[in-house]
Amino acid sequence: MERLFKPSRVMELLSKYNFRFSKSLGQNFLIDGNIVKKIVDSAEVEEFDNVLEIGPGIGTLTEELSLRAKKVVAIEIDNKLRELLDESLPYENIKIYFEDVLKADLKAIISENFGEESFKVVANLPYYVTTPIISKLIEEDLNITSITVMIQKEVAKRFVAKPGTKDYGSLSVFIQFYSDVKYEFTVPNTVFMPKPNVDSGVVSLKIKSELPDIDREKFFKVVKASFSKRRKTLINALSSYGFSATKSEILQALSVSNIDPTRRAETLTPREFIVLSINFPDI
């Protein structure tokens, strides 16, 4: 059977089911076999792995995952792809749910298909919902070992950005708090149908098995406040954010944390933000 990543096969399926791409859903289908295989290689998918895929489209990446993994569960928002996917993915180890992943009961889906076993996430994510989807996956306390996603290149660079760089921000701290993240490779816009305006990047997140025992809500509020005014010093950004703490109390927290109040948020490491949140006045 001809592989799905071949443009001739893609065109055949799209024509047969009279499929029209939806800009509002950010649909850009991958049509390059080498890229498909590199993504699955980066995810280190093996025969005993369970995999969750988000946004299978016509199933290009799903097919490669099913050929390597034990079981693949895919969540697709576009119900118009139901018949097409019935034909394009005739594999017994694939199950597809047609719903919005941001509204889906992921714990129920995972429990039904993977039980107590861990799983990996592999996906070509729509640009416009990248951060909400990643946040949901990370924060719902699912048994995920890794997340390998293809996303907009500029966002991928923010995931892996280091302190002191222009791409480093609250998103960088969030991702790096929960995972060890790596930029795998760049994907040119020419390997998609239709072609998006920008290039993509593939990143892999190894989810940390142990996290600091801190008040996470407080931690992320401090991070968000610190970056709320990037050009201002920490003390000015934090004292003008709207916290109930006084400027002198915030200065004391910075002093105890051994952080110069004239530094800017982009210079702090995730570890320094953790220390600051521990010493920060109650929010």
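Q: How many aromatic pairs does the structure hold?
A: This is a predicted model: local features need pLDDT of at least 70, side-chain atom pairs count only at pLDDT 80 or more, and totals for chains, interfaces and linings use all residues. Numbering starts from 1 along each chain as its sequence is written, and side-chain values use heavy atoms, leaving out hydrogens and water. Rings of Phe, Tyr and Trp (its six-membered ring) pair if their centres lie within 6.5 Å. The structure holds 15 aromatic pairs.

Q: What kind of pair do the rings of Y178 and F220 form?
A: Planes under 30 degrees apart count as stacked, over 60 as edge-to-face and the rest as tilted. The centres of Y178 and F220 lie 6.0 Å apart, with planes at 15°, so the pair is stacked.

Q: Is Y178 buried or exposed?
A: Buried means under 20% relative accessible area, exposed over 50%, partly exposed in between (1.4 Å probe, protein chains only). Y178 has a relative accessible area of 7%, so Y178 is buried.

Q: What kind of pair do the rings of Y241 and F243 form?
A: Y241 is partly exposed at 33% relative accessible area, whereas F243 is buried at 15%. Their ring centres are 5.1 Å apart and their planes stand at 45°, so the pair is tilted.

Q: Which residues do ring pairs link into a cluster?
A: Y178 and F220 are a stacked pair. Ring pairs link a cluster of F174, F177, Y178, F219 and F220.

Q: At roughly what angle do the axes of α8 and α9 cross?
A: Axes are lines fitted to C-alpha atoms, for helices over the stretch in contact, and angles run from 0 to 180 degrees between N-to-C directions. The axes of α8 (residues 170–178) and α9 (residues 216–227) come within 9 Å. They cross at roughly 150°.

Q: Which residues of α9 make the contact with α8?
A: Contact means heavy atoms within 4.5 Å. On α8, the contact uses S170, V173, F174, F177 and Y178. On α9, the residues are R216, F219, F220, V223 and F227.

Q: How many of the nine residues of α8 are buried?
A: The buried ones include L171, I175 and Q176. Helix α8 is largely enclosed by the rest of the structure, because its buried residues number eight.

Technical notes:
Helices (H or I, at least four residues) and strands (E, at least two) are DSSP runs, numbered from the N terminus.
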